[in-house]
Amino acid sequence: MGLLSLGTPLHWKEAKTHADHVRSHGIDQFLHIYHSQKGQKKQCLLWGDEVEYVVVDVDEKAKRTRLSLRVFEVLAELQVAEQEYLEGKTKVVPDALWRPEYGRFMIEGTPGEPYGATFQDLLTVEPSMKLRRRLALAAMKPNEKPMTLVNYPRLGCPDELVPPHEPNGKACQSMFVPDEIINPHARFPTLTANIRRRRGAKVEINVPIFHDTKTPKPFIDPTVLWDRTLFKHDKEAKEGAAKPDHIYMDAMAFGMGCCCLQITFQACNVDEARRLYDQLAPMTPVMLALTAAAPIFRGYLADVDCRWNVIAAAVDDRTREERGLEPLKNNRFVINKSRYDSIDTYLSTDPINKPKYNDLDLVYDHDIYDKLRKNDVDDLLAKHVSHLFIRDPLVIFKELLDQDDTKSSDHFENLQSTNWQTVRFKPPPPNSDIGWRVEFRSMEVQLTDFENAAFSVFIVLLTRVILSYGLNLYIPISKIDINMQTAQKRGAVLNEKFYFRKNIFNSHSDTQNEDDDDEYELMTVNEIINGKENGFTGFVPLIHHYLESTNIDVQTRCKLSSYLSLISRRASGELMTGAAYLRQFVMNHPAYKHDSVVSPEITFDLVETVDKIAKGELKVPELLGNFAA
Amino acid sequence: MPAQQVPHKLSLPDLQQLVLYTGNLMRTSLASRTKELNKQPNAELVHAVDDTLRLLMDSPGAPSYRYYTEHGLLEVPDLRQSSRIPAEDRNDVQVTAKLFYLSENTQHVYPPIHVDAAVNHLQKLLGVSTIDTFLVSFAGDHSLKNTCQAWSALETYQQQGVIGRLGVSDFSAQNIDEILTNKSIKVKPSINQINVGSCCDMPKETIEHAKRNGIELLHNSDSADILSTEELSKLLSSRAVVPKTTTVTPRWVIKYHVFVQCRSVVADKGYIVMGDAL
């Protein structure tokens, strides 16, 4: 998550005095990169995946699991290969690169080198992921497991950490998680505390609880420390922050401690990057619904299947004024979204990007916009950047305040990397060969490497199909926001419909009326992915058609077909999503009392089962058909 | 041989020969009809030809075809947009062509002039002098005795550098052995296109054999009989290009695609159909 610069991070009181400095130089850095790199042409496709893991400590004898906070020792071992390569001690490129994440119980692994453009490259994804899992396991103690769970189900419950810590830390001030849960690198505790300081309150996360037959109605959570007075923010819970019938969480860790699957790929030039950013945006809610794998939070079954809103609330640094709860006095804008959420504007200069699609009231910094326009940045890109820059930089290192804007992009990246969105438009680093890239960010991590590989490959093939057919997926961007909420509902893949463009082929159509061409309607995920009779073609059939138009070899095609088949069958409901599976596991567990509580006993069995599934030791046809994990 | 630029009229001159280009199918909505396309192996070609003829007959004003009076040749050129590959992009793409000799019109005779025509038309259409991969389908006939002349023509092009790799379609391991061991075949195929259907039954023997002999096994789901006389005649008459009484027999079909290899983007895909009226 973002850059890990070194130095003395500033307390919010001081950091906010440098906000304009960081923003101003950030724009200068962007302008330098933009003008020096906008002429890039013909870059090849290179891409990579990022898989995040939680590290679980398993006590077989006591039948008890906990999150392991030993990640830094594990990482030290995992990073040896990369370090030796960077120091020139070996010419062997590391198999994987490992990074810490927000949680001290999380690690992130990426392939050692980007994948290339060929179909054979797509077949190396699963072996790479499997290798990473083996490497991670080998660097851990015998009773520790790396798991691709979106979240550890009982994060925030008492006695769920090894080593144990009480939730009485000053950075989080949480009722549920201690400061020791945060990655100790200076950036993360500072980010945590500054979000709280800026906001003027703890973050407020409320996930609707799943009301089962024995769940109290209204559900008033007995595990909330209603009467604690350790910190001044403790009273917020009983003053309304903790909503009835919801699972209340009060720390960044609940959001940024979630694991996702992210794909970044390089476009051939800046225009293609902008085009793909726009065309992928309508798919972000669809992919969120398909990969849903987070039905449990803080030991309770939720009425949602996904992490997205939890993370949005977990880093929401908006003040009361910015949230429209008080008139604007100290802040400049009313902002209707957290800095973690879906995108607010399309940015491609394609003629098919009609102004009517940008139908959200965009909040942007007008002075920054004007400066960008004066410096030859077009309207759409200027709005995009000046919208990102309405935010304050949250982590500023004193030593890094003054930079050479032609050599560094730190200040730009400060804002860029703390706007966490469904897709991210990534300019190249200054003075490098790396191209303009797009990151697809909405997917939840899946339980097995087969699934993570299948979804990664699907996204890459989707981009190839968008480019090969010149597809047009535009719908009003406000509809994508609606879709994002729909996607997180329990069982969305089976039960919900999503706004989607009807005619995605950008050819001269049979209708005379342009507005007819631009029509969109509500479709199920099954229709979007698999198509309908005499109607929407469906992305899986379209990908097959694209593959038919290439010189793909038989074996590669068959392997890719198996990935496409998984996606297809998840979309049709023939196979369960991870969320549906985990929910079913809890509800069918003999110790489950139908009161929405996911106890340590249930969690132990859940962890053991998921681990066996990921290792291929347990077959779960309702989740994976007869695909091997 | 002057080409008469004929302004659009309600009726077309009587054709004796036909060359039709479908143009770039990647830029049409043909792929959107995937359910229809899956109904039969040649549905894409049939629909593409129909779309092209529809545009031919519906396009207002400007000449949409060329008629060469000397040979009674009606040429329906690339009606939608140019497929020409700019010279500066030639090295970024791989051009693949597959020539289908059609069975109805051949009594196991595969005239080499079809190879010449196919190469020529493709060079003209794409604005290239070389074709990177050239595959040929001999209407299911794998007997070297019949196909050697056509193969010889391909070899010549390969040796001249006009064609890069040569490939065959739907050959069994045995057929491959025959051609690999035949001493009069100077340029061996390096590709065999096969159809493995739903992937549940991978032909292990064919795969192992291909590996041992350095043959790349590519996937395809084409049928060798990619266009019949009945189909072509019906397409033409239903769009009033020819009267209902005329029969037009397809002699060969070229299926081609242009692939930008470092980005895995299919830039162009289409067909060229050559036929004559009986």
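Between chain A and chain B of this predicted model, an area of about 3100 Å² is buried, and carbon and sulfur atoms give 54% of it; buried area here is the accessible area, taken with a 1.4 Å probe, that two parts lose on being put together, summed over both. On the side of chain A, the residues that lose the most area to chain B are A:S549, A:N551 and A:V554, which together make up 20% of what that side buries. One disulfide is found over all chains, and the whole structure holds 63 salt bridges.

Because the model is predicted, local features need pLDDT of at least 70 and side-chain atom pairs count only at pLDDT 80 or more, while totals for chains, interfaces and linings use all residues. Residues are numbered from 1 along each chain as its sequence is written, chains are lettered from A and ligands numbered from 1 in the order in which they are written, and side-chain values use heavy atoms, with hydrogens and water left out.

**Interface between chains A and B**

- The contact, meaning heavy atoms within 4.5 Å, takes 38 residues from chain A and 37 residues from chain B.
- Three salt bridges are counted between the two chains, a salt bridge being a side-chain nitrogen of Lys or Arg within 4 Å of a carboxyl oxygen of Asp or Glu.
- A salt bridge also joins the side chains of B:R263 and A:E272, with an N to O distance of 2.3 Å.
- The count of residue pairs in polar contact between chain A and chain B, both residues at pLDDT 80 or more, is 22; a polar contact is a pair of N or O atoms within 3.5 Å, where within protein one must be able to donate a hydrogen and the other to accept it, and residues adjacent in sequence count only if both atoms are side-chain atoms.
- On the side of chain A that touches chain B, the elements giving two or more residues are α16 (449-469), α21 (539-548) and α22 (554-572), where helices (H or I, at least four residues) and strands (E, at least two) are DSSP runs numbered from the N terminus.
- By class, that side of chain A has 14 nonpolar, 15 polar and nine charged residues, with Ala, Val, Leu, Ile, Met, Phe, Trp, Tyr, Cys and Pro counted as nonpolar, Asp, Glu, Lys and Arg as charged, and the others, Gly among them, as polar.

**Disulfide and cysteines**

- A disulfide, defined as a pair of cysteine sulfur atoms within 2.5 Å, joins A:C44 to B:C262 with an S to S distance of 2.3 Å.
- The torsion about the S-S bond of A:C44 and B:C262 is about -95 degrees, so this disulfide is left-handed.
- The pair crosses between chains, running from A:C44 in the loop between α2 (19-37) and β1 (47-59) of chain A to B:C262 in the loop between β9 (248-260) and β10 (265-277) of chain B.
- A:C44 is partly exposed at 32% relative accessible area, and B:C262 is likewise partly exposed at 24%; buried means under 20%, exposed over 50%, and partly exposed in between, with a 1.4 Å probe and protein chains only.
- A:C157 takes part in no disulfide, the nearest cysteine sulfur being that of A:C258 at 14 Å, and A:C157 is buried at 12% relative accessibility.

**Salt bridges within chain A**

- A:K238 and A:D227 form a salt bridge whose closest N and O atoms are 3.7 Å apart.
- A:K238 lies in helix α8 (residues 235-241) and A:D227 in the loop between β7 (205-208) and α8, so the pair ties together parts that are eleven residues apart in sequence.
- Of these two partners, A:K238 is partly exposed at 48%, whereas A:D227 is exposed at 62%.
- In the salt bridge of A:R557 with A:E548, at 3.3 Å from N to O, A:R557 is buried at 6% and A:E548 is partly exposed at 22%.
- A:E73 pairs with A:R70 in a salt bridge whose closest N and O atoms are 2.7 Å apart, and A:R70 is buried at 14%.
- A network of salt bridges links A:D20, A:R23, A:R198, A:D317, A:E322, A:R339 and A:D392.

**Surroundings of A:T577**

- A:T577 sits in the loop between α22 and α23 (578-588) of chain A and is buried at 9% relative accessibility.
- The side chain of A:T577 reaches the backbone nitrogen of A:A580 at 3.1 Å.
- Neighbours within four places in sequence aside, A:T577 is in contact with A:A289, A:L290, A:A292, A:V493, A:R570 and A:L623.
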